[in-house]
Amino acid sequence: MKTVLITGTSSGFGYLTAFKFAKAGYKVFATARDVTSKSMIQMKEIALKEKLDIEQLEIDVTNQETIDNVTHIFKKRRERIDVLVNNAGYGILGPIETFSVEDIERQMNTNFLGVVRMVKSFLPLMREQGGGMIINISSASVNGSIPFYGVYAASKAAVDRYSQALRSEVRQFGIKVAMVEPGGFNTHFGKNVEGLDEEKIKETVYGKWFKKLTAKRKALKIDTKKGIMGWLRDPKWVVNKVYRVANTKNPPLRNLVGWDAYALSLGKRVIPDFIWDWIVRAYVK
Ligand SMILES: NC(=O)c1ccc[n+]([C@@H]2O[C@H](COP(=O)([O-])OP(=O)(O)OC[C@H]3O[C@@H](n4cnc5c(N)ncnc54)[C@H](OP(=O)(O)O)[C@@H]3O)[C@@H](O)[C@H]2O)c1
């Protein structure tokens, strides 16, 4: 039986990915910061009822000790790890200057260093067992960093460059590295966003501009906190892509999901920077 370990399974892509793999016959290690949360208890109940092989373990990707506890369990039980899905993450969105260095450190600590810690801890196990696959959840924002997304996009761009090099370095050990790059999808991501605090930003030099942009986003029915109306699609698309990548012998490095992910990726290749600037300027004017 193949095994998969997923980080951040208490909601969104991670929660659904746990079920996708379990229903396909994988043994799933569903990890979360709080395995006693309502959604993790719900997952446990469904798994019991549907006889799915899901084991819940505590991992906070910013806390090495919690990761060590899990690698210890794997070593003790001589458990295989066929697939590692580095999914845990959140977004800090807003004008860059309104964030403290500590805010940005926290963002990098989860989205980038969280992946680094997991890879560093599980690579030796994969090497010993003679192979495996690492799937890092990146983001369409790596192909075009728009206003408010600078800090988040930087954390995902770090994952992107890191994964690209890692892929070539560990191939010799039979370990595959790939990324799934989603556009906007309806998960708890919007609800968990930090920043975009109208009251706080109002007091800053970005206040007026933010108010105007917020009104424009409302007119376009874009609400990052609630989800982008109709534009956002079913997160199952992303889950299915993760599953397909995990079950492909030689998956591509970057696996896009969603029209916006394709548009940004294509835009990056064909639109010169000055035209990109012009498009974004016209939008945020
Ligand atoms: N939704 C989108 O449109 C979108 C697009 C591109 C990329 N992504 C990426 O997709 C991944 C999953 O996000 P999602 O959309 O499914 O959002 P979500 O519903 O908010 O899920 C994020 C998950 O990450 C967990 N998490 C956050 N910090 C963690 C930490 N330090 N240690 C362990 N787990 C942690 C959260 O757990 P708690 O419950 O403990 O907070 C939650 O389970 C993220 O990496 C995100 O950046 C999302």
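Where is Q172 found? Q172 is found in the loop between α6 (150-170) and β7, where helices (H or I, at least four residues) and strands (E, at least two) are DSSP runs, numbered from the N terminus. Before I go on, please keep in mind that this is a predicted model, in which local features need pLDDT of at least 70 and side-chain atom pairs count only at pLDDT 80 or more, while totals for chains, interfaces and linings use all residues. Residues are numbered from 1 along each chain as its sequence is written.

Let me stay with Q172 for a moment. Q172 is exposed, because it has 8 other C-beta atoms within 10 Å; a residue counts as exposed with 12 or fewer such atoms, as buried with 20 or more, and as partly exposed in between, the C-beta atoms being placed from the backbone. K120, which is found in helix α5 (residues 113-129), is partly exposed, because 13 other C-beta atoms lie within 10 Å.

Now to the interior. Leaving aside its neighbours within four places in sequence, L84 is in contact with L5, M118, F122, G132 and I134, contact meaning that the C-beta atoms, placed from the backbone, lie within 7 Å. V242 is also one of the buried residues of helix α10 (residues 236-246), and what covers the buried residues of α10 includes β1 (3-6), β4 (83-86) and β6 (132-137).

Turning to the strands, β2 (residues 27-32) and β3 (residues 54-58) pair in the parallel sense over 5 bridges, where pairing requires that DSSP finds at least two bridges between them. Within this pair, A32 stands opposite E58 in β3.

Finally, which residues are closest to the ligand? They are G8, G12, A88, G89 and H188, out of 29 residues that surround the ligand, a residue being near when its C-beta atom, placed from the backbone, lies within 6 Å. The elements that give two or more residues to this shell are α1 (12-23) and α7 (189-192), and the largest share, 3 residues, comes from α1.

Notes
Two residues are in contact if their C-beta atoms, placed from the backbone, lie within 7 Å.
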